[in-house]
Amino acid sequence: MAAALLAVGATSLVAPVAARAQAGDVQLTPGAGAVSASTSDGNVPGNVVDDDYSTRWSGEGDGAWLQLDLGSVVTVSHIKLAVYQGTSRRNVFELQYWDGARWVTVVDGESAGNTTGLESFDFTPVQTSKVRYVGHGYEGDGAGDWNSLTEVEVWGTRDGDGDGDGDGDGDGDGGAELPSDVLDLSDWKLTLPIGDDEEPTEIYQPELDGYSHEEYFTVNETGDAVRFRAPVNGVTTGGSSNPRSELREMEEGGADEIAWPADEGTHRLTLTEAFTHLPEGRPYVVGAQIHGEDDDVTALRLEGSELWITDDDTTHHHLITDDYELGTFFEFSYVVSDGQIEMYYNGELETTLDYSGSGNYFKAGAYTQANCGNTDPCSDDNYGETEISALSVSHGDGSGDGDGTGDGDGDGDGDGDGGSDPTQAADRYGWGTPLPISDEFDYTGPVDPDKWAVPSGDVGGTEGCWEGHAGNGRRCAANSSVANGILSMVGEENGDTGWLRQESEQRYGRWEIRSRSRNTGDSGELYHVLHLIWPTEGNRLENGEYDWVENSDPEGQCLAAWLHYPQSPSDDKEHQEYCPLDVTEWHNYAFEWTPDGVAGYVDGVEWFRMEDGADDGRGDIQDMPSGHLNIQLDNFTGESGLRPAVLEVDWVRNYAI
């Protein structure tokens with residue numbers, strides 16, 4: 001049985017757009033390099049876009065998926081599928097789109113079973129950067145769990161104007177007349193590039209809900225996005241020499257200015273935006289930012305065709321792309337939590353900043369980085385401009401039921417229902433309060449002996465060391481330590497590494513770990529990073545083993561899992577991969593084990609689910625009698641020649657079923 005990535009059925013952060021006639025749609029299908037799959041049998045994913053009905057993609061198992069990366073945010077209205085052996089098989093499947101935080105199902109059905117040609121599956125148009133097919137096998141002639149397609153086509157519009165011609169002068173069938181018809185402006189105020197010197201006009205709620213300005217803040221021609229424009233000769237605030245047409249985040253209701261801390265709670269902004277015009281002479285515009293008490297903290301900044309993320313005064317901190325084309329919609333998100341800012345572009349984590357300041361708020365719109373003192377011409381016709389078609393903000397204080405962490409200290413960093421971080425499975429699915437065995441690593445020195453067991457032998461004459469994995473090198477207690485709120489597990493060139501076993505034996509449970517890894521040496525054989533449930537009685541052939549994170553490179557670009565069946569003398573197991581994923585960045589990895597099955601999550605999104613699977617040579621996948629959590633940085637090679645590496649863990653949280 002293969003793993004499944006299933007829709008979570010949560011509210012979309014990228015709203016569906018108004019339905020349009022398909023007559024104006026164009027094909028959005030990417031090339032073979034942008035097509036990936038959870039599994040294949042040698043019939044590779046790229047075959048579905050080669051215009052050749054004699055080739056196919058095939059993946060075995062309920063939930064096997066095929067993903068198409070569209071390169072930027074576009075409007076998708078229907079997907080066409082050609083089913084392998086489609087006259088004798090009816091494929092059972094879901095079609096999903098990525099809404100910036102999760103996969104959302106728009107079609108849940110079957111193919112017709114009477115054609116091998118393309119069949120069209122229509123749905124209310126959505127804005128997205130990725131779509132996927134999730135297969136559940138086929139019915140008909142010899143029902144089975146294979147998922148096979150010969151061709152896939154994605155259809156919709158790139159420019160949002162409904163006619164697919166890219167000229168932006170469509171018929172306005174988005175339907176909106178006011179900016180508030182497109183965006184929820186309840187908790188925002190607007191600053192415009194008009195008014196008195198250093199006192200620009202500001203529009204507050206409730207006036208903002210009925211407000212528009214023909215030049216600087218209005219619905220675009222197609223009625224599906226809000227246009228922000230700021231000319232270089234516009235009025236500026238007293239704290240800046242540059243003009244803006246920009247929204248500033250406010251408290252609920254829009255009357256008072258909000259100010260939140262970066263090291264408490266979780267704060268998220270997600271928007272769908274396009275830069276549509278740059279000023280002459282100095283073609284720089286900021287489309288979104290986090291502002292602190294006194295200055296901007298980080299901004300999304302376009303310079304010509306280069307799209308940058310800034311860090312304080314460093315304007316060129318991280319380059320997202322150097323070939324951005326004006327008018328291209330994209331999705332961008334800030335996620336601020338635990339003194340860090342994560343930034344996502346079209347669903348992919350771009351960079352993470354360490355920042356723990358207070359007095360923060362989000363801003364979005366067009367903040368032109370030019371004025372009459374540094375560019376020419378100095379006129380209304382020289383301006384920066386953006387369009388925003390979707391905008392959402394959420395805040396969670398993490399206070400929950402008052403104890404924050406489940407240990408009564410009220411520090412506000414727990415998973416209580418007063419806070420909500422969709423990148424944590426525990427928050428997204430309501431797993432409750434972490435159990436006392438959980439560890440926030442808020443101490444310094446060796447790991448807490450009440451929560452963790454460490455190696456205790458004296459192999460090689462060193463106290464606290466025993467043999468490593470399969471006799472390779474040593475596992476030593478000294479190679480795992482805590483400082484500055486982080487557990488560090490170190491693998492050395494000589495093969496010495498760390499190992500931890502959580503002091504909790506159980507059948508069924510939920511675990512979530514925030515971790516990252518990297519190589520610290522230049523060369524050598526690679527350490528393996530593992531989060532796993534090891535059977536209490538050992539002997540995985542009899543009792544099973546759940547390696548829900550097993551990466552063969554601390555700097556890999558994929559997440560892997562190996563799930564071993566119990567009662568399997570031949571060691572039957574399932575291998576799953578989730579790509580791309582940069583494991584050097586912080587991610588939240590979670591595992592759920594219930595009487596019904598096992599499931600894995602990454603950053604709050606379910607990426608595999610397995611259940612049952614017993615046959616003559618194995619038991620059901622979930623039938624391990626009892627087990628415990630291990631964290632390992634394993635040496636698969638020998639006693640020397642290893643590439644030094646480190647596995648870092650921010651926290652480990654356990655939850656009851």
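Modeller: One term before we start. A residue is buried when its relative accessible area is under 20%. Also, this is a predicted model.

Biologist: Fine. Take strand E13, residues 244-249. How many of its six residues are buried?

Modeller: Six of the six, so by the under 20% cut-off the strand is mostly covered.

Biologist: Which residues sit on each side of E13?

Modeller: Arg244, Glu246 and Arg248 are on one side. Ser245, Leu247 and Glu249 are on the other. Both faces are covered.

Biologist: Why that every-other-residue pattern?

Modeller: Because side chains in a regular strand alternate between the two faces of the sheet.

Biologist: Which strand pairs with E13 over four bridges?

Modeller: Strand E9, residues 188-196, in the antiparallel sense. Leucine 190 stands opposite leucine 247 of E13 there.

Biologist: And how many bridges join E13 to E22?

Modeller: Five, and those two run antiparallel as well. Leucine 247 turns up again, standing opposite alanine 364 in E22.

Biologist: What holds paired strands together in general?

Modeller: Strands of a sheet pair through backbone hydrogen bonds, either parallel or antiparallel.

Biologist: Let's zoom out. How many helices and strands are in the chain?

Modeller: Three helices and 40 strands. The chain has 657 residues, and 57% of them count as buried.

Biologist: What share of the contacts joins residues at least 24 apart?

Modeller: 69%, taken among contacts between residues at least 6 apart in sequence.

Biologist: What does leucine 81 touch, leaving out residues up to four places away in sequence?

Modeller: Among its contacts are Phe93, Leu95, Phe121, Tyr133, Leu149 and Val152. Glu119 and Glu151 are on the list too. Leucine 81 and leucine 118 are 37 residues apart in sequence, yet their C-alpha atoms are 5.1 Å apart.

Biologist: Switching to sheets. What is the strand order in the open sheet of seven?

Modeller: E24-E30-E39-E32-E33-E34-E35, with antiparallel pairing. The edges are E24 (452-453) and E35 (573-578), and each pairs on one side only.

Biologist: How many bridges link E34 and E35?

Modeller: Six, between E35 and E34, which covers residues 559-564. Alanine 561 stands opposite glutamine 576 in E35.

Biologist: Now cavities. How many reach 30 Å³ or more?

Modeller: Four. The largest cavity holds about 80 Å³ of space.

Biologist: Where does the largest cavity lie?

Modeller: It lies between domain 2 (179-396) and domain 3 (425-655), because both give residues to its lining.

Biologist: Which residues line it?

Modeller: The lining includes Val335, Val336, Ser337, Asp338, Gln340 and Glu342. Others in the lining include Asp421, Arg514, Asn588 and Trp651. By class, there are three nonpolar, five polar and four charged residues.

Biologist: Which strand gives the largest share of that lining?

Modeller: E19, with three residues. Strand E19 spans 330-337, and strand E20 spans 340-345. Each of the two supplies at least two lining residues.

Biologist: Which residues does the cis bond with omega of about 5 degrees join?

Modeller: Glutamine 205 and proline 206. Proline 206 is in the loop between strands E10 (199-203) and E11 (217-219). The bond from aspartate 376 to proline 377 is cis too, with omega near 5 degrees. Proline 377 sits in the loop between E22 (361-368) and E23 (383-396).

Biologist: And what is the phi of asparagine 484?

Modeller: About 55 degrees, positive although the residue is not a glycine. Asparagine 484 lies in the loop between E27 (480-483) and E28 (486-491). Aspartate 603 also has a positive phi, near 50 degrees. Its place is the loop between E37 (597-602) and E38 (605-610).

Biologist: Is asparagine 484 buried or exposed?

Modeller: Exposed, because its relative accessibility is 79%. Aspartate 603 comes out at 14%, so it counts as buried.

Technical notes. Residues numbered from 1 in each chain as written. Predicted model: local features only at pLDDT ≥ 70, side-chain atom pairs only at ≥ 80, totals over all residues. Heavy atoms only, no water. Pairing = 2+ DSSP bridges. 1 Å grid on protein atoms, 1.4 Å probe; cavity = no way out; pocket = protein on both sides within 12 Å on 5 of 7 lines; lining within 4 Å. Points joined across faces, edges and corners; volume = space filled by probe spheres on them. Nonpolar A, V, L, I, M, F, W, Y, C, P; charged D, E, K, R; others polar. Domains from an automatic or database assignment. Buried < 20%, exposed > 50% of the residue type's maximum accessible area, 1.4 Å probe, protein only. Contact = heavy atoms within 4.5 Å.
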